[in-house]
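Dear colleague,

Please find the structure below, handed over for your records.

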Amino acid sequence: MTTVKDIVLIKIPVVEDTRGNLAFIQNDILPFEFKRVYYLFDVPSNAFRGSHSHINQSEVLIALSGSFEVALNDGIEKKSFLLNKPNMGLYIPKGIWRELDNFSSGSVCLVFASDVFEETDYIRDFDEFLTSKK
């Protein structure tokens with residue numbers, strides 16, 4: 001069973017150059033092979049995203065631009081992160097409840113997911129999530 005202790009920050013490799021830096025993600029960077037990439041943008045500062053858990057899917061979140069907070073809960077412990085660097089990814093394994101909020105103006109959240117979208121993989125009710133952890 002996954003816990004907040006399984007959540008880690010991943011340093012994304014960067015090629016530094018006086019003309020601008022280049023960060024890259026390839027097969028050996030993430031702890032899983034990703035099958036879907038999506039991003040959140042134009043999120044109002046008073047809005048929140050997430051509020052769900054995945055049954056089988058893992059994700060890595062990266063703040064490409066701006067910043068936002070990620071609150072994580074394994075049903076017993078909580079942990080939160082401020083993401084604000086495009087060379088740092090937050091690995092969230094399956095079975096962790098997540099909530100994203102406090103988006104700064106112009107922020108972009110890039111997500112690498114271990115699987116394609118399947119609604120049946122989502123737990124969107126917190127009480128149901130807690131029950132699933134027992």
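Before turning to particular residues, one cut-off is needed: a residue is called buried when its relative accessible area is under 20%, exposed when it is over 50%, and partly exposed in between. Please also bear in mind that this is a predicted model.

**Salt bridges**

Side chains of opposite charge can pair when their charged atoms come close. In this model the count comes to four salt bridges, and three of them are described here.

Lysine 5 pairs with glutamate 77, with their closest N and O atoms 2.5 Å apart.

A second salt bridge joins arginine 19 to aspartate 17, and here the closest N and O atoms are 2.7 Å apart. Arginine 19 has a relative accessible area of 75% and is therefore exposed. Aspartate 17, at 31% relative accessibility, is partly exposed.

Arginine 124 and glutamate 119 also meet through their side chains in a salt bridge, at 2.8 Å from N to O. Arginine 124 is partly exposed, because its relative accessible area is 45%. Glutamate 119 likewise counts as partly exposed, at 41% relative accessibility.

**The largest pocket**

Rolling a probe the size of a water molecule over the atoms shows where empty space is left. The largest pocket found in the model has a volume of about 190 Å³. It is lined by 14 residues, of which Tyr38, Leu40, Arg49, Gly50 and His52 are the closest to its centre.

Which elements give two or more residues to this lining? They are strand S4 (36–41), strand S5 (49–54), strand S6 (59–65), strand S10 (97–101) and strand S11 (108–113). The largest share, three residues, comes from S5. Sorted by class, the lining of the largest pocket holds eight nonpolar, two polar and four charged residues.

With kind regards

Definitions and conventions:
Residues are numbered from 1 along each chain as its sequence is written. This is a predicted model: local features need pLDDT of at least 70, side-chain atom pairs count only at pLDDT 80 or more; totals for chains, interfaces and linings use all residues. Side-chain values use heavy atoms; hydrogens and water are left out. Buried means under 20% relative accessible area, exposed over 50%, partly exposed in between (1.4 Å probe, protein chains only). On a 1 Å grid over the protein atoms alone, a cavity is a set of points where a 1.4 Å probe fits but cannot get out, and a pocket is an open set with protein on both sides within 12 Å along at least five of seven lines; lining residues have an atom within 4 Å of a point. Grid points are joined across faces, edges and corners, and a volume is the space filled by probe spheres set on the points. Helices (H or I, at least four residues) and strands (E, at least two) are DSSP runs, numbered from the N terminus. Ala, Val, Leu, Ile, Met, Phe, Trp, Tyr, Cys and Pro count as nonpolar, Asp, Glu, Lys and Arg as charged, and the others, Gly among them, as polar.
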